Amino acid sequence: HTTTSAVNKGRPVVPTQEGRSLDALHSIPVHKLRAQAAATEALTVPESYPHFTPFVENKKQYDEMYKRSIEDPNGFWGDIAKEFHWEKQWDEEHISYNFDVRKGPIHVEYFKGGLTNICYNALDRHVAAGHGDRVCFLWEGNDLDQDRKMTYGEVLEEVCQLANYLRSQGVQKGDAVSIYMPMVCELPIAMLACARIGAVHSVVFGGFSAEALAGRMEDCKAKVLITASGVMRGNKKIDLKAIADSAHTMAAKSGHTVPRVVVYENERAGGRAACSFTEGRDVWYAEAIAEQAKTCEVEWVEAEHPLFLLYTSGSTGKPKGVVHCTGGYMVYAHTTTKYVFNMQPGDTYWCTADCGWITGHTYLTYGPLLVGASQVVFEGVPTYPGPDRCWRVVDKYAVKQFYTAPTAIRSLMRAGDLYVKEHLRDSLRILGSVGEPINPEAWRWYHDIVGDGRCPIVDTWWQTETGGHMITPLPNAWAQKPGSATYPFFGVVPVLVDEKGNEVKGEGEGYLCIKQAWPATLRTVYGDHERYETNYFKPFPGYYFSGDGARRDKDGYIWITGRVDDVINVSGHRIGTAEVESALVAHAKCAEAAVVGYEHPIKGQGIYAYVTLMEGVEPTEDIRRELINTVRGIIGAFAAPDVIHWAPGLPKTRSGKIMRRVLRKIAAKQEDELGDVSTLADPHVVEQLVALRGH
Ligand code: PRX
């Protein structure tokens with residue numbers, strides 16, 4: 001399994017290096033920013049929401065806490081960490097890091113000397129404090145009549161049973177376990193069971209293809225795969241086990257056989273009868289845990305022991321296994337959850353993200369459980385059976401904090417206010433947004449209609465790599481501006497830098513970098529520390545580079561403008577254009593492909609693919625469909641191109657580099673703003689492409 005970044009077939013391949021030169025980054029879209037700022041700065045929303053008292057009451061209190069978090073991180077994070085159980089206390093000076101490639105290898109360490117376990121802190125700690133009967137998961141199925149409650153005590157017992165089973169299969173501290181499951185309680189349970197025994201989980205989103213799953217299982221040499229028979233998403237039945245079977249075969253072919261596959265039987269999607277089963281290798285989840293004890297000894301691990309791998313897309317090459325470690329991640333997940341959602345133990349909270357993405361890791365499995373909340377786990381989709389599903393669920397469980405993505409907000413907004421208004425929503429206190437920039441119109445609708453103007457919006461900017469919220473409003477602590485993520489969280493020092501790597505102070509635009517380590521900094525890229533350094537720390541020496549552009553306004557508010565590298569954000573899903581290109585080129589009739597993002601009213605960005613067919617092949621509707629299916633098969637349905645644009649030739653420089661800027665402009669129908677094209681080898685290519693756009 002390889003996903004090369006070569007987009008050429010039968011032509012010399014332009015080498016793409018991981019840490020591409022800066023000219024490969026998009027320029028910061030200044031015009032867009034100015035327009036956005038002018039339109040929204042006037043709309044500043046007052047900070048006062050009378051319905052609750054926030055932990056951080058005002059900007060002054062934040063400023064004091066922030067100052068300490070930056071100047072005395074050892075003390076700041078140390079004080080918070082005392083709330084947790086540590087089997088062995090960390091050293092007083094527990095933090096050390098280097099963010100400067102010129103000074104040596106990049107490394108980050110928090111809670112040096114400490115021993116702990118995140119599963120213990122998420123479950124046992126609450127049960128030991130007498131909260132075993134508190135609801136942990138409020139599971140809501142795909143259909144309206146499907147639900148299930150699990151208390152902290154019950155979750156702990158099942159986690160122990162599964163952890164015991166994994167141990168019985170020889171899974172040891174440091175071994176990897178792949179998880180490919182729908183949103184059932186057993187998904188976070190599987191993650192927690194791994195954490196309990198010090199195994200490293202690698203959750204693969206259920207929308208990924210067999211090939212994507214195979215590559216991930218192979219990369220981490222998974223000892224066990226935990227999957228499910230299938231899942232219903234809306235009216236669609238997805239045979240997860242069949243996909244998992246092909247993935248298993250593919251991984252075995254390329255040299256890694258996963259010895260054990262645990263299958264959760266999802267009766268709602270056909271159950272056992274409809275599911276393949278390989279004797280000797282496969283075991284039903286219920287049978288695997290049935291004979292296991294309901295208690296399980298905790299594996300105490302060093303604070304820097306890896307907790308999980310999560311594969312994510314970058315500019316080039318195959319997905320990177322982002323590594324997060326136990327101690328710093330635990331404390332950061334807890335602290336951000338507590339302050340950003342103003343969350344108290346026992347609060348009913350709902351994050352609509354899937355555990356296959358970082359949001360589901362930090363703000364479903366770990367953060368809320370560390371705080372001790374009761375949370376909704378939703379298997380379905382927000383528009384099934386109707387566009388009022390979310391508000392129905394909010395009322396059903398009296399959800400206090402609701403966290404979702406702008407793409408969902410936009411599609412529900414389009415369905416109309418009536419679907420919202422037929423439900424009370426009076427339990428709601430805080431509304432969160434994550435995954436992509438939220439446009440001011442969607443922000444307004446979320447605030448005024450969904451929240452009835454009663455709930456502050458927390459527009460949280462962060463990434464798989466950052467592990468937790470980085471720039472975000474704290475509810476009720478300062479005035480909001482629709483579309484701005486406002487100020488940095490405690491411990492986070494964001495800077496904007498120009499092309500030369502100089503910091504832009506005060507009002508201005510730049511590449512968004514982070515200057516100091518924060519507890520949940522990614523520690524490495526699995527198996528490739530060099531790639532980690534090249535990707536994140538070499539573009540602007542001395543800083544972690546996020547891949548995003550941003551602007552700071554006169555009040556110091558930060559506005560994220562989106563990716564400046566070749567990553568696009570489709571419905572909050574992060575997709576590397578290079579991955580889509582290599583998937584397209586895998587089709588026999590495709591000679592070359594170049595993929596860019598374009599503005600999409602619901603998805604935020606759509607996938608726009610320029611395809612050059614092999615000599616003599618005429619474009620047809622069938623080939624178009626086949627190309628799209630090839631991408632579905634290699635990556636997953638969510639990465640399917642929205643537009644295929646036939647391209648007899650691509651705009652290239654004389655050295656053979658594709659000028660993506662030109663392709664982005666043509667996709668956006670802004671060919672009158674192409675800018676300097678004098679370095680193009682064949683300027684006629686542009687006219688040709690515009691003529692072939694066909695709309
Ligand atoms: O471009 C930013 C965008 O999502 C990217 C990170 O994607 P991923 O690692 O999949 O994590 C998504 C969930 C944290 C970022 O580089 N992004 C995320 N949140 C925001 C955002 N862009 C603007 N505003 C946000 N609130």
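Tutor: Residues are numbered from 1 along each chain as its sequence is written. The model is predicted, so to speak of local features we need pLDDT of at least 70, side-chain atom pairs count only at pLDDT 80 or more, and totals for chains, interfaces and linings use all residues.

Student: Why is α13 called roughly perpendicular to α15?

Tutor: Helix α13 (residues 406-415) and helix α15 (residues 440-450) pack at about 75°, with axes 10 Å apart. Axes are lines fitted to C-alpha atoms, for helices over the stretch in contact, and angles run from 0 to 180 degrees between N-to-C directions. Angles of 65 to 115 degrees count as roughly perpendicular, so α13 is roughly perpendicular to α15.

Student: What makes the contact between them?

Tutor: Pro406, Ile409, Arg410 and Met413 of α13 meet Ala442, Trp445 and Tyr446 of α15; two residues are in contact if their C-beta atoms, placed from the backbone, lie within 7 Å.

Student: How do you know whether the radius of gyration agrees with a compact globule?

Tutor: The radius is taken over C-alpha atoms, and the globule rule is 2.2 Å times the number of residues to the power 0.38. For 695 residues a compact globule would have a value near 26 Å; the chain has 24 Å, which agrees.

Student: How much of the chain is buried?

Tutor: Buried residues make up 55% of the 695; a residue is buried if 20 or more other C-beta atoms, placed from the backbone, lie within 10 Å of its own.

Definitions and conventions. A residue is buried if 20 or more other C-beta atoms lie within 10 Å of its own, exposed if 12 or fewer, and partly exposed in between; C-beta atoms are placed from the backbone. Helices (H or I, at least four residues) and strands (E, at least two) are DSSP runs, numbered from the N terminus. Angles under 35 degrees count as roughly parallel, over 145 as roughly antiparallel, 65 to 115 as roughly perpendicular and the rest as oblique.
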